[in-house]
Amino acid sequence: MPQPLPILLDRLTKTYGTTRGVRDIDLTVERGEIFGFLGPNGAGKTTTIRVLIGLLRPTSGDARIFGRDCWSWPGRVHRDVGFIPGDLRLYEQLGVMEFLRFMARLHGGVRRGRIEGVAERLGLDTRRPIKHLSKGNRQKVGLVQALMHDAPLLILDEPSAGLDPLMEVVFLQLLREERSAGRTIFLSSHNLSEVERICDRVAIIRDGRLVAVEQVEALKANRVREMTVTFQQPIDPGAFEGRGIVLLERSDRRIRISVRGDVNPLIRLLARYDIQDLTFSEPSLEEIFLHYYQPAPVSKQRATA
Amino acid sequence: MSWTLTLKVLKLQAQAIFSYAFGAAFYSALIVVLFQRVVEQHKGFLNQYLTVVPKALLRAFNIGGTDLTSFGGFVGAEYLSFIWVVIIAAFAIAFTSGALAKELEEGTLELILAYPLGRLGFFFSKVAALIIALAVIVLATVIGIWLGAVSQHLSIGGSAYVAVAAIGLAFALAIAGYGFLFSALASERGPAALAAAGLTLVFYLVNFAAQTWDALKGLSRLSLFHYYAPKDALNLGRVDGLAIAVLLGVAIAGTLGGAVVFRVRDLSP
């Protein structure tokens, strides 16, 4: 008998009030993978996660964690889940260690030294009162409580929000270690580069609907990058047209281009010129949607890997 | 339910519980001491005073028809029937509105409900904490009465203490019951507290109206205050079984209603 999937969403729809929810989300997350859930703010990521956590009742469809319905059996489901919400709020009256030990007891206890170990990796001072912590340190408290249970599934809603870039590297390394230990990670983000660095697969959600589910490699291969190049001498901008390159702006010494997929042909072309300056800009999610998913029909696939 | 959560709630509320309990005990002892002094030295004046004060005013303070020269009548009128009600209602409503609606409003609920205790486990852990907290305040009230009585060499039977504790706790639990219901229904603390306080006021006004106008007499049974008679508990050393049943019935119905609402509603800040 096959083992139940860590996450199964089957035509999940949640609408409520005047706030847009999510519609017809089909998604499966496999054991041992890091699955990115990518979308701009307000796209429906947090709504989906709240359904998974059992805070919201699906309007229709199914949300299951390890085969159990998230709405009907939240208490049982949560034994297998480590979670950090997108808008993390902590009990201000407690100290960091008091809070973490309290949460550990609610979960039935944690391995000896586990709290201290994760806190040390993240550089979190557990002796301080929560009310005196910065946003970044509060986020670290949330990350420690999510990771300390060694739960087989981690659901992380915007987990790196508030972390400085160095700490983000440490955090991503921790996630890789969790994956190596056989755990499954469902990570929501609006940060494309973060998702690209850590995830095996990614689902893109927009306006409450799943736009695509892709291997991250495929996403990288097809992504559109924007580049601005300033040359030492005047050039013929027409030389840069074609080969997946689109000229967005042109003058005799400066071009702004977008390039899809493999950048090597462009690099080889640029190598023929004396270049004064070159900048890559990270495409926003909206740009990805505009460049990558239009005008072709959306490449939605059921994510049964 | 989770005793870990119950104990943590009690710890976080310890200062408030201690303050309310200390205040209730201190005021109880003070009133008992005052009773001894007033009744001993001014019994005639007290009776005369009762004939002068408008009956409606006495009813407004929930002490209509009370013999102020009796121990139960005086302590009930001066403290347990009105001031203590305000104290215990304020505590119960603040606690219940903070237990659910405030956690939802402030967003702390989202994390703790992702833990294995489940919604009902969370809910009843808070209920258990409030029952303990109310029991502590009621016990402190009774201890205050006992200390006052001992200091004045008053002989009060043990059954009077048990009876007043029972009716006081049942009354407090009734308020807590609908307090939990409103807290489960609301998404913010303010409306939850306002609804519970408003209903308590309605109960009070209904009782007042029923005592004031004969035509409305039958309405008194619709008010919690009709069943809450601490002066009889102190004087007679017993409580009416029906009164306890009604108060506990309201407590249980309100709490279970709150549990159902909290289990089935969407919880999103």
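This is a predicted model: local features need pLDDT of at least 70, side-chain atom pairs count only at pLDDT 80 or more; totals for chains, interfaces and linings use all residues.
Two strands are taken to pair if DSSP finds at least two bridges between them.

Chain A has 305 residues, of which 38% count as buried. Its secondary structure comes to 10 helices and 14 strands. Along the principal axes, the C-alpha atoms of chain A fill a box of roughly 70 × 45 × 40 Å. Where contacts in chain A link residues at least 6 apart in sequence, 69% of them join residues at least 24 apart.

Six strands of chain A form an open sheet, and their order is β6-β7-β8-β3-β9-β10. The pairing in this sheet is mixed. Its edge strands are β6 (81-84) and β10 (209-215) of chain A, each of which pairs on one side only. On average, and with direction ignored, neighbouring strands of the sheet are turned by 15° against each other.

Helices also pack on this sheet. Helix α5 of chain A, spanning residues 135-147, touches β6 and β7 (153-157) of chain A. The direction of α5 makes about 170° with that of β6(A). Helix α6 of chain A, spanning residues 165-180, packs on the sheet as well and touches β3, β7 and β8 of chain A. Between the direction of α6 and that of β8(A) the angle is about 150°.

Within the sheet order, β3(A) stands between β8 and β9. Five bridges join β3(A) to strand β8 (residues 184-189) of chain A, and the two run parallel. In this pairing, Ile34(A) stands opposite Ile185(A) of β8(A). Strand β9 (residues 201-206) of chain A also runs parallel to β3(A), to which it is joined by four bridges.

A residue counts as buried when 20 or more other C-beta atoms lie within 10 Å of its own. Five of the five residues of β3(A), residues 34-38, are buried, so this strand is largely enclosed by the rest of the structure.

Key:
Residues are numbered from 1 along each chain as its sequence is written. Chains are lettered from A and ligands numbered from 1 in the order in which they are written. A residue is buried if 20 or more other C-beta atoms lie within 10 Å of its own, exposed if 12 or fewer, and partly exposed in between; C-beta atoms are placed from the backbone. Axes are lines fitted to C-alpha atoms, for helices over the stretch in contact, and angles run from 0 to 180 degrees between N-to-C directions. Two residues are in contact if their C-beta atoms, placed from the backbone, lie within 7 Å.
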